[in-house]
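Subject: Structure handover

Hi,

Here is the structure I promised to pass on to you. Please have a look at it alongside the notes below.

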Amino acid sequence: MTFLRRLLGFSGSRHGKNSRSFTGDGSAQPKRFIVMGKGGTGKTTISSALARALSSKGKDVLAVSLDPAHNLGDVLGCSLGSEPKKIDDHLAAFELDLDEQVQRFVEEKLRQMRPLYGNLQIFNADKILDALKQSPGMEEFAILEAIGEISAFAEKCNAVVLDTPPTGMTVRVLSLPDITLLWVAELVKLRSKILDRRAYIQNIERTDLETDPGDDIVMAELRRYKIEIEATRSFLLGEGSFIFLVLQADKLSVSETERTIRKLDSNGYRIGACFINRASKGEGRAFLYDSCGLSNLMELYDEIPWIELPDLGSDISDPQSLLDLGDVICGFLDAGDAR
(Lines give C-alpha, C1' and ligand atoms only; values in the text may rest on other atoms or scores of the structure.)
Protein backbone atom coordinates (compact mmCIF):
# COMPACT_ATOMS: atom_id res chain seq x y z
CA MET A 1 0.00 0.00 0.00
CA THR A 2 2.68 2.43 -1.05
CA PHE A 3 -0.01 5.05 -1.76
CA LEU A 4 -0.01 5.74 1.99
CA ARG A 5 3.30 7.48 1.42
CA ARG A 6 1.29 10.09 -0.44
CA LEU A 7 -0.99 11.37 2.30
CA LEU A 8 -1.70 14.41 0.17
CA GLY A 9 0.13 16.81 2.44
CA PHE A 10 -1.40 15.21 5.53
CA SER A 11 1.57 16.23 7.65
CA GLY A 12 0.57 15.08 11.12
CA SER A 13 1.91 17.97 13.19
CA ARG A 14 1.62 17.27 16.92
CA HIS A 15 -0.57 19.29 19.19
CA GLY A 16 -0.50 19.73 22.94
CA LYS A 17 -0.19 16.73 25.25
CA ASN A 18 -3.28 15.59 27.10
CA SER A 19 -3.57 13.13 29.96
CA ARG A 20 -7.03 11.87 29.00
CA SER A 21 -7.01 8.19 28.22
CA PHE A 22 -9.06 8.13 25.01
CA THR A 23 -8.77 11.28 22.93
CA GLY A 24 -5.53 12.81 24.23
CA ASP A 25 -2.05 12.56 22.72
CA GLY A 26 -0.22 11.14 25.71
CA SER A 27 1.49 8.25 23.89
CA ALA A 28 4.21 8.18 21.27
CA GLN A 29 1.96 6.33 18.84
CA PRO A 30 -1.24 7.87 17.53
CA LYS A 31 -4.52 6.83 19.08
CA ARG A 32 -6.10 3.91 17.23
CA PHE A 33 -9.86 3.52 17.34
CA ILE A 34 -11.16 0.17 16.06
CA VAL A 35 -14.92 0.52 15.60
CA MET A 36 -16.80 -2.77 15.41
CA GLY A 37 -20.45 -3.75 15.28
CA LYS A 38 -23.22 -5.67 13.62
CA GLY A 39 -24.35 -4.38 10.25
CA GLY A 40 -26.96 -1.65 10.56
CA THR A 41 -26.08 -0.56 14.08
CA GLY A 42 -24.46 2.68 12.97
CA LYS A 43 -20.81 1.61 13.11
CA THR A 44 -19.78 3.67 10.08
CA THR A 45 -21.71 6.72 11.29
CA ILE A 46 -19.95 6.59 14.67
CA SER A 47 -16.56 6.07 12.97
CA SER A 48 -17.19 9.12 10.79
CA ALA A 49 -18.49 11.24 13.67
CA LEU A 50 -15.46 10.38 15.81
CA ALA A 51 -13.09 11.24 12.94
CA ARG A 52 -14.88 14.54 12.32
CA ALA A 53 -14.82 15.53 15.99
CA LEU A 54 -11.15 14.70 16.49
CA SER A 55 -10.13 16.57 13.34
CA SER A 56 -12.18 19.59 14.43
CA LYS A 57 -10.00 19.73 17.55
CA GLY A 58 -6.91 20.16 15.38
CA LYS A 59 -5.83 16.52 15.48
CA ASP A 60 -4.64 14.97 12.23
CA VAL A 61 -6.88 11.98 11.61
CA LEU A 62 -6.83 9.15 9.08
CA ALA A 63 -10.18 7.37 8.72
CA VAL A 64 -10.11 4.02 6.93
CA SER A 65 -12.92 1.73 5.84
CA LEU A 66 -11.84 -1.91 5.90
CA ASP A 67 -15.39 -3.09 5.25
CA PRO A 68 -15.92 -4.55 1.75
CA ALA A 69 -19.38 -2.92 1.75
CA HIS A 70 -18.04 0.62 1.95
CA ASN A 71 -20.20 3.41 3.38
CA LEU A 72 -17.55 5.66 4.89
CA GLY A 73 -17.52 8.02 1.91
CA ASP A 74 -21.31 8.17 1.85
CA VAL A 75 -21.45 9.20 5.51
CA LEU A 76 -18.58 11.67 5.19
CA GLY A 77 -20.34 13.12 2.16
CA CYS A 78 -17.61 12.61 -0.43
CA SER A 79 -16.45 10.04 -2.93
CA LEU A 80 -13.60 7.91 -1.59
CA GLY A 81 -11.26 5.51 -3.34
CA SER A 82 -8.33 3.32 -2.41
CA GLU A 83 -5.97 6.28 -1.99
CA PRO A 84 -6.24 8.77 0.89
CA LYS A 85 -8.30 11.82 0.11
CA LYS A 86 -8.28 15.02 2.13
CA ILE A 87 -11.69 15.81 3.60
CA ASP A 88 -10.56 18.92 5.45
CA ASP A 89 -7.34 20.39 6.81
CA HIS A 90 -6.92 17.67 9.43
CA LEU A 91 -8.92 14.72 8.09
CA ALA A 92 -8.04 12.27 5.32
CA ALA A 93 -9.90 9.07 4.47
CA PHE A 94 -9.90 6.13 2.09
CA GLU A 95 -11.73 2.85 1.50
CA LEU A 96 -9.65 -0.31 1.18
CA ASP A 97 -10.21 -2.16 -2.09
CA LEU A 98 -10.25 -5.70 -0.68
CA ASP A 99 -10.02 -7.47 -4.05
CA GLU A 100 -7.02 -5.35 -5.00
CA GLN A 101 -5.45 -5.92 -1.57
CA VAL A 102 -5.87 -9.71 -1.82
CA GLN A 103 -4.31 -9.69 -5.30
CA ARG A 104 -1.37 -7.61 -4.10
CA PHE A 105 -0.95 -9.74 -0.96
CA VAL A 106 -0.81 -13.03 -2.89
CA GLU A 107 1.51 -11.64 -5.56
CA GLU A 108 3.89 -10.34 -2.89
CA LYS A 109 3.95 -13.68 -1.08
CA LEU A 110 4.69 -15.52 -4.34
CA ARG A 111 7.44 -13.01 -5.10
CA GLN A 112 8.98 -13.69 -1.70
CA MET A 113 8.72 -17.48 -2.15
CA ARG A 114 10.50 -17.73 -5.51
CA PRO A 115 14.05 -16.90 -4.30
CA LEU A 116 13.54 -18.96 -1.16
CA TYR A 117 12.39 -22.07 -2.97
CA GLY A 118 13.84 -21.59 -6.43
CA ASN A 119 14.81 -25.24 -6.55
CA LEU A 120 11.12 -26.14 -6.65
CA GLN A 121 10.75 -24.36 -10.00
CA ILE A 122 7.33 -22.82 -9.37
CA PHE A 123 5.36 -23.30 -12.59
CA ASN A 124 1.90 -22.02 -13.53
CA ALA A 125 2.18 -19.05 -11.20
CA ASP A 126 -1.09 -17.63 -12.56
CA LYS A 127 -2.97 -20.78 -11.59
CA ILE A 128 -1.38 -20.73 -8.13
CA LEU A 129 -2.33 -17.07 -7.82
CA ASP A 130 -5.97 -17.73 -8.67
CA ALA A 131 -6.11 -20.67 -6.28
CA LEU A 132 -4.58 -18.71 -3.42
CA LYS A 133 -6.94 -15.77 -3.94
CA GLN A 134 -9.88 -18.10 -3.35
CA SER A 135 -8.34 -19.84 -0.35
CA PRO A 136 -10.07 -19.55 3.06
CA GLY A 137 -8.59 -16.84 5.25
CA MET A 138 -6.96 -14.95 2.38
CA GLU A 139 -9.19 -11.88 2.86
CA GLU A 140 -8.43 -11.78 6.58
CA PHE A 141 -4.67 -12.02 5.96
CA ALA A 142 -4.93 -9.31 3.30
CA ILE A 143 -6.74 -7.01 5.74
CA LEU A 144 -4.10 -7.73 8.40
CA GLU A 145 -1.40 -6.86 5.86
CA ALA A 146 -3.22 -3.61 5.09
CA ILE A 147 -3.39 -2.75 8.79
CA GLY A 148 0.34 -3.40 9.05
CA GLU A 149 0.98 -1.02 6.16
CA ILE A 150 -1.30 1.60 7.72
CA SER A 151 0.56 1.29 11.02
CA ALA A 152 3.89 1.89 9.29
CA PHE A 153 2.73 5.41 8.40
CA ALA A 154 0.62 6.07 11.49
CA GLU A 155 3.20 8.45 12.91
CA LYS A 156 1.94 10.98 10.38
CA CYS A 157 -1.32 11.20 12.34
CA ASN A 158 -2.61 11.92 15.81
CA ALA A 159 -5.40 9.37 15.40
CA VAL A 160 -6.43 6.52 13.12
CA VAL A 161 -10.09 5.44 12.97
CA LEU A 162 -10.72 1.98 11.50
CA ASP A 163 -14.25 1.26 10.31
CA THR A 164 -14.15 -2.53 10.30
CA PRO A 165 -15.78 -5.37 8.33
CA PRO A 166 -18.64 -7.45 9.79
CA THR A 167 -17.92 -8.61 13.32
CA GLY A 168 -17.05 -12.24 12.49
CA MET A 169 -14.40 -11.27 9.96
CA THR A 170 -12.97 -8.57 12.21
CA VAL A 171 -12.63 -10.96 15.15
CA ARG A 172 -10.74 -13.38 12.89
CA VAL A 173 -8.44 -10.58 11.71
CA LEU A 174 -7.73 -9.52 15.29
CA SER A 175 -6.89 -13.10 16.26
CA LEU A 176 -4.44 -13.57 13.38
CA PRO A 177 -1.34 -11.90 14.90
CA ASP A 178 -1.15 -14.32 17.84
CA ILE A 179 -1.94 -17.33 15.64
CA THR A 180 0.66 -16.25 13.07
CA LEU A 181 3.33 -15.72 15.72
CA LEU A 182 2.72 -19.26 16.99
CA TRP A 183 3.16 -20.62 13.46
CA VAL A 184 6.31 -18.58 12.90
CA ALA A 185 7.80 -19.85 16.16
CA GLU A 186 7.17 -23.44 15.08
CA LEU A 187 8.61 -22.80 11.61
CA VAL A 188 11.74 -21.29 13.17
CA LYS A 189 12.16 -24.47 15.23
CA LEU A 190 11.65 -26.61 12.13
CA ARG A 191 14.13 -24.55 10.10
CA SER A 192 16.68 -24.83 12.91
CA LYS A 193 16.37 -28.62 12.79
CA ILE A 194 16.85 -28.58 9.01
CA LEU A 195 20.02 -26.50 9.39
CA ASP A 196 21.27 -28.88 12.08
CA ARG A 197 20.73 -31.83 9.71
CA ARG A 198 22.53 -29.94 6.96
CA ALA A 199 25.49 -29.35 9.25
CA TYR A 200 25.59 -33.07 10.04
CA ILE A 201 25.51 -33.98 6.33
CA GLN A 202 28.15 -31.37 5.52
CA ASN A 203 30.52 -32.83 8.13
CA ILE A 204 30.15 -36.24 6.52
CA GLU A 205 30.08 -35.40 2.80
CA ARG A 206 31.87 -32.04 2.77
CA THR A 207 29.01 -30.52 0.77
CA ASP A 208 28.53 -26.80 0.32
CA LEU A 209 25.16 -26.47 2.09
CA GLU A 210 24.26 -23.36 4.06
CA THR A 211 24.12 -24.27 7.76
CA ASP A 212 24.56 -20.94 9.58
CA PRO A 213 21.16 -19.58 10.78
CA GLY A 214 22.56 -16.07 10.50
CA ASP A 215 23.15 -16.51 6.76
CA ASP A 216 20.11 -18.64 5.90
CA ILE A 217 17.64 -16.66 3.76
CA VAL A 218 14.64 -18.69 4.93
CA MET A 219 15.46 -18.05 8.59
CA ALA A 220 16.03 -14.37 7.81
CA GLU A 221 12.61 -14.15 6.15
CA LEU A 222 10.92 -15.85 9.11
CA ARG A 223 12.54 -13.41 11.53
CA ARG A 224 11.62 -10.44 9.35
CA TYR A 225 8.01 -11.60 9.19
CA LYS A 226 7.93 -12.10 12.98
CA ILE A 227 9.00 -8.49 13.50
CA GLU A 228 6.38 -7.33 11.00
CA ILE A 229 3.55 -9.24 12.72
CA GLU A 230 4.68 -8.09 16.18
CA ALA A 231 4.52 -4.47 14.98
CA THR A 232 1.00 -5.00 13.61
CA ARG A 233 -0.06 -6.68 16.85
CA SER A 234 1.28 -3.73 18.83
CA PHE A 235 -0.67 -1.35 16.61
CA LEU A 236 -3.88 -3.28 17.25
CA LEU A 237 -3.36 -4.28 20.87
CA GLY A 238 -0.77 -1.93 22.33
CA GLU A 239 -0.98 1.27 24.32
CA GLY A 240 -3.27 3.84 22.73
CA SER A 241 -5.46 1.30 20.91
CA PHE A 242 -9.17 1.18 21.75
CA ILE A 243 -11.91 -1.13 20.53
CA PHE A 244 -15.37 0.40 20.41
CA LEU A 245 -18.37 -1.88 19.99
CA VAL A 246 -21.53 -0.41 18.50
CA LEU A 247 -24.92 -1.98 19.18
CA GLN A 248 -28.60 -1.20 19.42
CA ALA A 249 -31.18 -2.32 21.93
CA ASP A 250 -32.42 -5.42 20.10
CA LYS A 251 -31.86 -9.11 20.78
CA LEU A 252 -29.72 -9.90 17.73
CA SER A 253 -27.41 -6.95 18.31
CA VAL A 254 -27.08 -7.67 22.03
CA SER A 255 -26.36 -11.39 21.43
CA GLU A 256 -23.67 -10.62 18.85
CA THR A 257 -22.10 -8.03 21.15
CA GLU A 258 -21.89 -10.57 23.99
CA ARG A 259 -20.21 -13.14 21.72
CA THR A 260 -17.80 -10.51 20.46
CA ILE A 261 -16.79 -9.41 23.96
CA ARG A 262 -16.07 -13.03 24.94
CA LYS A 263 -14.02 -13.73 21.82
CA LEU A 264 -12.00 -10.54 22.06
CA ASP A 265 -11.35 -11.12 25.74
CA SER A 266 -10.02 -14.60 25.00
CA ASN A 267 -7.55 -13.03 22.54
CA GLY A 268 -6.33 -10.43 25.01
CA TYR A 269 -8.26 -7.47 23.63
CA ARG A 270 -9.97 -5.06 26.01
CA ILE A 271 -13.09 -3.15 25.04
CA GLY A 272 -12.66 0.61 25.31
CA ALA A 273 -16.40 1.30 25.32
CA CYS A 274 -19.72 0.00 24.08
CA PHE A 275 -21.90 2.54 22.29
CA ILE A 276 -25.66 1.98 22.51
CA ASN A 277 -26.71 3.81 19.38
CA ARG A 278 -30.11 5.49 19.14
CA ALA A 279 -30.63 4.81 22.81
CA SER A 280 -34.17 4.88 24.17
CA LYS A 281 -35.19 7.52 26.65
CA GLY A 282 -38.14 7.79 28.95
CA GLU A 283 -40.29 5.21 30.69
CA GLY A 284 -39.91 2.45 28.09
CA ARG A 285 -36.13 2.31 28.37
CA ALA A 286 -35.90 -0.12 31.29
CA PHE A 287 -38.46 -2.49 29.79
CA LEU A 288 -36.71 -2.47 26.40
CA TYR A 289 -33.28 -3.07 27.91
CA ASP A 290 -34.61 -5.92 30.05
CA SER A 291 -36.53 -7.60 27.23
CA CYS A 292 -33.60 -7.68 24.80
CA GLY A 293 -31.04 -8.75 27.40
CA LEU A 294 -29.11 -5.49 27.35
CA SER A 295 -29.57 -4.84 31.09
CA ASN A 296 -28.03 -8.23 31.91
CA LEU A 297 -25.14 -7.66 29.49
CA MET A 298 -24.38 -4.25 30.98
CA GLU A 299 -24.41 -5.74 34.47
CA LEU A 300 -22.26 -8.72 33.43
CA TYR A 301 -19.60 -6.43 31.93
CA ASP A 302 -19.98 -3.44 34.20
CA GLU A 303 -16.24 -2.65 33.92
CA ILE A 304 -16.85 -1.57 30.30
CA PRO A 305 -18.15 1.97 29.78
CA TRP A 306 -21.67 1.71 28.26
CA ILE A 307 -22.33 4.98 26.45
CA GLU A 308 -25.86 5.81 25.33
CA LEU A 309 -25.97 7.94 22.21
CA PRO A 310 -29.06 9.94 21.30
CA ASP A 311 -31.03 9.40 18.12
CA LEU A 312 -30.16 12.42 15.99
CA GLY A 313 -32.37 11.40 13.11
CA SER A 314 -32.08 9.10 10.12
CA ASP A 315 -29.67 11.26 8.11
CA ILE A 316 -26.75 12.81 9.94
CA SER A 317 -24.22 12.67 7.14
CA ASP A 318 -23.83 16.44 6.83
CA PRO A 319 -20.62 17.71 8.46
CA GLN A 320 -22.31 19.66 11.27
CA SER A 321 -24.57 16.77 12.36
CA LEU A 322 -21.62 14.39 12.34
CA LEU A 323 -19.61 16.90 14.34
CA ASP A 324 -22.44 17.22 16.88
CA LEU A 325 -22.57 13.45 17.34
CA GLY A 326 -18.78 13.24 17.47
CA ASP A 327 -18.65 15.90 20.18
CA VAL A 328 -21.13 13.88 22.23
CA ILE A 329 -18.92 10.78 21.82
CA CYS A 330 -15.71 12.64 22.72
CA GLY A 331 -17.46 14.26 25.68
CA PHE A 332 -18.38 10.87 27.11
CA LEU A 333 -14.93 9.42 26.44
CA ASP A 334 -13.05 12.34 27.96
CA ALA A 335 -15.28 12.34 31.03
CA GLY A 336 -14.83 8.58 31.45
CA ASP A 337 -18.56 8.45 32.23
CA ALA A 338 -20.03 4.98 31.71
CA ARG A 339 -23.63 6.17 31.57
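This is a predicted model: local features need pLDDT of at least 70, side-chain atom pairs count only at pLDDT 80 or more; totals for chains, interfaces and linings use all residues.

The chain has 339 residues, and 46% of them count as buried. Its secondary structure comes to 11 helices and 8 strands. Of the contacts between residues at least 6 apart in sequence, 76% join residues that are at least 24 apart.

**The sheet**

The 8 strands form an open sheet with mixed pairing, in the order S3-S4-S2-S5-S1-S6-S7-S8. Strand S3 (85-88) and strand S8 (306-308) stand at the edges with a single partner strand each, so one side of each has no neighbour in the sheet. From one strand to the next, the twist averages 25°.

Strand S1 (residues 31-37) is worth a stop, as 7 of its 7 residues are buried. In a regular strand, side chains alternate between the two faces of the sheet. In S1, Lys31, Phe33, Val35 and Gly37 point one way, while Arg32, Ile34 and Met36 point the other way, and all are buried. S1 pairs with strand S5 (residues 159-163) in the parallel sense over 5 bridges, with phenylalanine 33 having valine 161 as its bridge partner in S5. S1 also runs parallel to S6, to which 6 bridges join it, and glycine 37 stands opposite valine 246 in S6.

**The cavities**

A search of the whole structure finds 2 cavities of 30 Å³ or more.

The largest cavity holds about 60 Å³ of space. Its lining includes Ile34, Leu66, Ile143, Leu162, Thr170 and Leu236. Helix H5 (138-152) and helix H6 (167-205) each supply at least two lining residues, and H6 gives the most, with 3. By class, this lining has 9 nonpolar, 2 polar and no charged residues.

The second largest cavity holds about 50 Å³. Among the residues that line it are Met36, Gly37, Lys38, Val246, Ser253 and Glu256. S1, S6 and H8 are the elements that give two or more residues to this lining, and H8 gives the most, with 4. Here the classes are 3 nonpolar, 5 polar and 2 charged residues.

Leaving aside residues up to four places away in sequence, serine 253 touches Lys38, Thr41, Leu247 and Gln248.

**A pocket**

One open site also deserves a look. The second largest pocket has a volume of about 460 Å³. It is lined by 20 residues, and Phe242, Tyr269, Arg270, Ile271 and Gly272 lie nearest its centre. Helix H7 (217-237), strand S6 (241-247), helix H8 (251-266) and strand S7 (271-276) each supply at least two residues of the lining, with S6 giving the most, at 3 residues. The lining of this pocket has 11 nonpolar, 5 polar and 4 charged residues.

Best wishes

Note on methods
Residues are numbered from 1 along each chain as its sequence is written. Side-chain values use heavy atoms; hydrogens and water are left out. On a 1 Å grid over the protein atoms alone, a cavity is a set of points where a 1.4 Å probe fits but cannot get out, and a pocket is an open set with protein on both sides within 12 Å along at least five of seven lines; lining residues have an atom within 4 Å of a point. Grid points are joined across faces, edges and corners, and a volume is the space filled by probe spheres set on the points. Ala, Val, Leu, Ile, Met, Phe, Trp, Tyr, Cys and Pro count as nonpolar, Asp, Glu, Lys and Arg as charged, and the others, Gly among them, as polar. Buried means under 20% relative accessible area, exposed over 50%, partly exposed in between (1.4 Å probe, protein chains only). Two strands pair if DSSP finds at least two bridges between them. Axes are lines fitted to C-alpha atoms, for helices over the stretch in contact, and angles run from 0 to 180 degrees between N-to-C directions. Contact means heavy atoms within 4.5 Å.
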